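This briefing goes through selected local features of a protein chain, grouped by topic. Please keep the sequence and the coordinates at hand while reading.

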Amino acid sequence: MANPLFSHPADGSRPASALSREELIERERQRRLALIAERTSGSPTAPPPQPRPQGALAGETAAPADRPAPAAVPEGFPSEPAWQAAQQAARAAAAAAREASHPSPPLEHLAPDTDADQLARLVVAAALPLAPIAAVRMLAEAAAAMEALLPPGHAARARALLADAPGQVAADYGSAPGSSADDAWQVYAHYVRLTQYGRVPAEDQQRLAQLLPLPVVDDLVDDGHLVPRAVPEDGDRRLYLQARLTPSQVDTEGLLRLGWAQEQARREFRLRLARGDLAVLDEARGLTDEQLKLAADLAKVRAAGRIPAELSAMKWLWPALERLAPQAPVNLRRDKAFGSWFVVRRMHRALRAAHREQLLNDHRRADSLLKHARNDANALREIWTPGGWEAKNLLAYLLVLNATGEESYDEALEMISPVAAGGGLREDQLPGAGRTHLEHNRTVLRQLQRHRDDDHLLNPYLILGVADGAPTEVWKEKWRALRRALDDDGEAAVNQAKDAIQSLERGRAAVEPFLVPLLPPRWANPTAGAAATGAGAPPMPRRTAAPTQQERDYARDRAARGIIRAACQNVGLPADAAAFPASFPESSNQ
């Protein structure tokens, strides 16, 4: 019986042990080709017949030297299955490019010897004409079978971008700080995080405010995602976003540049009221609902002659309240700040008016005004504010103004002497200028007490109705106007006041004027600068339409372009082929 190890199989082929290494490889190749053909057609296919050389017996195959050399796997592929997978991915990429109306002939007619690097370049080149997201989808799908296509970090970013979930990738994974691709990815990641979670540092919000399409930025403002520090430090958008996020910081020039008429009207309304200009109440147009309510409340003050506490709490409104209800009662103990300011100004106004009536020889009216001033001063004298000292100073002035004997000077000095404990605000609690002026007035009273002069004018500035120490041109203009309007007695009185002031200016006055008030700046109108008038300004309404889909996708598209750019650099294509704009065109954002 023959040895089965050396016997021929029944089909005439030689046993595997009798084949050479080359023949074994060729047999395996044929088997794989048959399997591939079977998968493609769906039906089993017999292996192709082996060529038989002339003179060979039936069942024998060709000798190794007579068969063609087997096909080699192209360079860059670790194995034939890897090569086959890459070819399949390339065919899918070619189909996607064709479907997008950007066919790639080199990819569709792929040469069998295309190596891994060449194949990766062809796929990236086919992706370039596509829309950014479609291009990234092609690259991400092909990268699974082509290691040379994308670096691992950018491959992960591509998958996260397709899921619109940049948080799936660690912030520093695949990053190249300073590169345009990395910058684009960070902007996209910050935008998604801000809209979904609202937690992005202010400096990153500022970057978004500078770079994203303006309608998208307006959406972020309207949704409350941007903080005031997101306003860019410079650039064309700074003023617009300042008006949207920090409107009180926009100055008058900025309002004009923006053409923000409603805010201009709102601030003009506030500024004129702060100056005591009541005509603005009759010109209330273009105001906010809050301002219209304020105008209605002020109309009630004018009609009733009373000032509610909620209005007196607005310091900038004090001049308007004073003009609307000059004789309004005030609660000095409850409302010390406004009450002191209001009553001090009222009693000084009455004192000046009384001097004017005396010049006009209306002594009855003058006495009535002096009585009002005295009543206000008596009500204010015990209040623990600087207004209490102003009241006592005015009472001392009135005592000497109508002095009938030595006791009037004693009472006046006693009135402005340092108070005992519990008698009101201590003198040492006054501002320095107040203490200086008090001591000056005591000196004046002592001098007059020693050398009484019935013709001496206690304060010639008050006679003319100007502030103490007024410049020469100011008091002279007032003197000329009064002299033309008065009779002979009145003219003689203002001439006497003019002579007294000139003597003082020339250093010849024996006794200086008794100063009223002690602290003029404290009782002036509260300042209403740009910061005050801008306070409470509402945000400027957006001036852009709702963003288009292209504008909404801007950050994502830009990140996609960054991934495409990284793919170009990775396969050796020029990076300029994947260039993208640094910012969105502003044509629809003006």
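This is a predicted model: local features need pLDDT of at least 70, side-chain atom pairs count only at pLDDT 80 or more; totals for chains, interfaces and linings use all residues.

**Charges over rings, backbone and aromatic pairs**

Lys392 lies over the face of Trp389, with a distance of 3.9 Å from the ring centre.

**Charges over aromatic rings**

**Aromatic pairs**

- Six aromatic pairs are found when the whole structure is searched, and one of them is formed by Phe338 and Phe342, whose ring centres are 5.2 Å apart and whose planes make an angle of 35°.
- This pair counts as tilted, because planes under 30 degrees apart would be stacked and those over 60 edge-to-face.
- Both Phe338 and Phe342 belong to helix H16, where they are four residues apart, about one turn of the helix.
- Phe338 counts as buried because its relative accessibility is 2%, and Phe342 is likewise buried, at 1% relative accessibility.
- Ring pairs also join Phe338 and Phe342 with Trp318 and Trp341, so that Trp318, Phe338, Trp341 and Phe342 are linked into a cluster.

**Positive phi values**

- Ser101, a residue other than glycine, has a positive phi, near 65°, and is located in the loop between helix H2 (80–99) and helix H3 (105–108).
- With a relative accessibility of 60%, Ser101 counts as exposed, because the cut-off for that class is over 50%.
- Asn361, also a residue other than glycine, has a positive phi near 65°, and its place is the loop between helix H16 (336–359) and helix H17 (363–380).
- Asn361 counts as partly exposed, because its relative accessibility is 34%.

**Cis peptide bond**

- The peptide bond that joins Val516 and Pro517 is cis, with omega at about 0°.
- Pro517 itself is found in the loop that lies between helix H23 (488–505) and helix H24 (530–534).

Methods:
Residues are numbered from 1 along each chain as its sequence is written. Side-chain values use heavy atoms; hydrogens and water are left out. Helices (H or I, at least four residues) and strands (E, at least two) are DSSP runs, numbered from the N terminus. Buried means under 20% relative accessible area, exposed over 50%, partly exposed in between (1.4 Å probe, protein chains only). Rings of Phe, Tyr and Trp (its six-membered ring) pair if their centres lie within 6.5 Å; planes under 30 degrees apart count as stacked, over 60 as edge-to-face and the rest as tilted. A charge sits over a ring if NZ of Lys or CZ of Arg is within 6 Å of the ring centre and within 35 degrees of the ring normal.
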